Amino acid sequence: LLVEDEPGLVMTVTELLEGEGHEVTARTDGQSGLDTALKADFDLLILDVMLPKKTGFDLLRDLRMQGKDAPVLMLTAKSQVVDK
């Protein structure tokens, strides 16, 4: 599951992952990402930190509280060390 609000990045990441044989489900905001993740099991979650409707951190917290334990990669455009 890829949850990213930047269309160009969604396209790029999706094409790269599908090119390696992975199936990608993409959502563009935190709430729809949460809804999708709660309805199915995913091998990996790729979450943007700054999303509309629900941040990547909030989405992840909500998923963990619901017992979803898939591995997660967090994406961020933030450049400060403290943010990373």
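The structure is a predicted model, in which local features need pLDDT of at least 70 and side-chain atom pairs count only at pLDDT 80 or more, while totals for chains, interfaces and linings use all residues. Residues are numbered from 1 along each chain as its sequence is written, and side-chain values use heavy atoms, with hydrogens and water left out.

**The largest pocket**

- The largest pocket holds about 260 Å³ of space; a pocket is an open set of points on a 1 Å grid over the protein atoms alone, where a 1.4 Å probe fits, with protein on both sides within 12 Å along at least five of seven lines, and a volume is the space filled by probe spheres set on the points.
- Its lining includes L1, E23 and D43; lining residues have an atom within 4 Å of a point.
- Seven residues of the lining are nonpolar, two are polar and three are charged; Asp, Glu, Lys and Arg count as charged, Ala, Val, Leu, Ile, Met, Phe, Trp, Tyr, Cys and Pro as nonpolar, and the others, Gly among them, as polar.

**Two residues of the lining**

- E23 belongs to the loop between α1 (7-19) and β2; helices (H or I, at least four residues) and strands (E, at least two) are DSSP runs, numbered from the N terminus.
- E23 counts as exposed because its relative accessibility is 77%; exposed means over 50% relative accessible area, buried under 20%, and partly exposed in between (1.4 Å probe, protein chains only).
- Between E23 and L1 there are 8.7 Å in space, C-alpha to C-alpha, although they are 22 residues apart in sequence.
- D43 lies in the loop between α2 (30-39) and β3, and its relative accessibility of 74% makes it exposed.
- The C-alpha atoms of D43 and L1 are 8.1 Å apart, with the two residues 42 apart in sequence.

**Helix α2**

- G30, G33, L34, T36 and A37 are the buried residues of α2.
- These buried residues fall within an arc of 170° seen down the helix axis, so they line one face of α2; the arc is that of the directions from the helix axis to the C-beta atoms.
- They pack against β1 (2-3), β2 (26-27) and α3, where contact means heavy atoms within 4.5 Å.

**Residue K54**

- K54 sits in the loop between β3 (45-48) and α3 (56-65).
- K54 is buried because its relative accessibility is 16%.
- Leaving aside neighbours within four places in sequence, the contacts of K54 include G30 and L34.
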